[in-house]
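Reader: I have a model to read. Please walk me through its features, with the cut-offs.

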Amino acid sequence: MKTKHITTKKKVTGAITTICMMLALVFTSQTAQAQAVERTVSGVVKTHNSVVPGAAIVLKGTNIGVMADDDGAFTFPQPLKDNDILIVSSMAFEDMEVKIERGTTYIEPFLEGTAIVIVGALRTAPAQKKAIPKSL
């Protein structure tokens, strides 16, 4: 009788282990599917009191990107996933990285201005040679 009781206990333990493993597999596959959701992202690139026309928006680590129109608006040409990073840049502004979070479909990157230093030189006429007086 003890043998039957031990075998039944082993069968129950095996069944519970199998059920737990199946549930773990189901939950992990659903998590992987949720992370793989892709969506179209659009937005407007802004600065203090205006928009930034012609800003470049590029997917980090690739050369896939788009330029903002005259109103600073853009629609990224490729669907994006969670944790993708967009790099937004424009002349005279610091680059900005925008991380795509869960459910993000619209972003408004804000670019900070940087100081621009223009270095130049003044062109002058070459020095004229002085005539050496002839000795008498």
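Author: Start with two terms. Helices (H or I, at least four residues) and strands (E, at least two) are DSSP runs, numbered from the N terminus. Two strands pair if DSSP finds at least two bridges between them. Now the ground rules. This is a predicted model, where local features need pLDDT of at least 70 and side-chain atom pairs count only at pLDDT 80 or more, while totals for chains, interfaces and linings use all residues. Residues are numbered from 1 along each chain as its sequence is written, and side-chain values use heavy atoms, with hydrogens and water left out.

Reader: How do I read a sheet, and which strands form the open one?

Author: Strands of a sheet pair through backbone hydrogen bonds, either parallel or antiparallel. Here, 3 strands form an open sheet, ordered β4-β1-β7, with mixed pairing. β4 (73-75) and β7 (106-107) are the edges; each has a single partner strand, so one side of each lacks a neighbour in the sheet. Strand β1 (residues 42-44) pairs with β4 in the antiparallel sense, over 3 bridges. Within that pairing, Val44 has Ala73 in β4 as its bridge partner.

Reader: What does β2 pair with?

Author: β2 runs antiparallel to strand β3 (residues 65-67), joined by 3 bridges. Ala56 stands opposite Met67 in β3. The β2 and β3 hairpin has 5 residues between the strands, and Gly61 takes a positive phi near 85° there. β2 also runs antiparallel to β5, with 4 bridges. Val58 has Ile87 in β5 as its bridge partner.

Reader: Next, the core. Which residues have the most contacts inside it?

Author: A nonpolar core is a set of buried Ala, Val, Leu, Ile, Met, Phe, Trp, Tyr and Cys residues joined through side-chain atoms within 4.5 Å. Buried means under 20% relative accessible area, exposed over 50%, partly exposed in between (1.4 Å probe, protein chains only). The largest nonpolar core here has 16 residues, and those with the most contacts inside it are Val45, Ile57, Phe76, Leu80, Leu86, Val88 and Ile107. β2 (56-59) and β5 (85-89) are the elements that give two or more residues to this core. Take Ile107 and its contacts (heavy atoms within 4.5 Å). Not counting residues up to four places away in sequence, Ile107 touches, among others, Val41, Phe74, Leu86 and Val98.

Reader: Now charges. How many salt bridges are there?

Author: A salt bridge is a side-chain nitrogen of Lys or Arg within 4 Å of a carboxyl oxygen of Asp or Glu. The structure holds 3. One joins Asp82 and Arg39 (2.2 Å, N to O). That pair links distant parts of the chain: Asp82 is in the loop between β4 and β5, Arg39 in the loop between α1 (2-35) and β1, 43 residues apart. Asp82 counts as buried at 19% relative accessibility, and Arg39 counts as buried at 11%. Another joins Glu108 and Lys46 (3.5 Å, N to O). Glu108 is partly exposed at 44%, as is Lys46 at 31%. Lys60 and Glu97 also meet in a salt bridge (3.2 Å, N to O). Lys60 lies in the loop between β2 and β3 and Glu97 in strand β6 (residues 96-99), so the pair ties together parts 37 residues apart in sequence.

Reader: What about Asp84: how far away is the nearest side chain of opposite charge?

Author: For charge, Lys and Arg count as positive and Asp and Glu as negative; His and the chain ends are not counted. Asp84 is buried without a salt bridge, and the nearest side chain of opposite charge, Lys81, is 5.0 Å away. Yet the backbone nitrogen of Lys81 lies 2.9 Å from a polar atom of the Asp84 side chain.

Note on methods: Polar contact = N/O pair within 3.5 Å; in protein donor to acceptor, adjacent residues only side chain to side chain.
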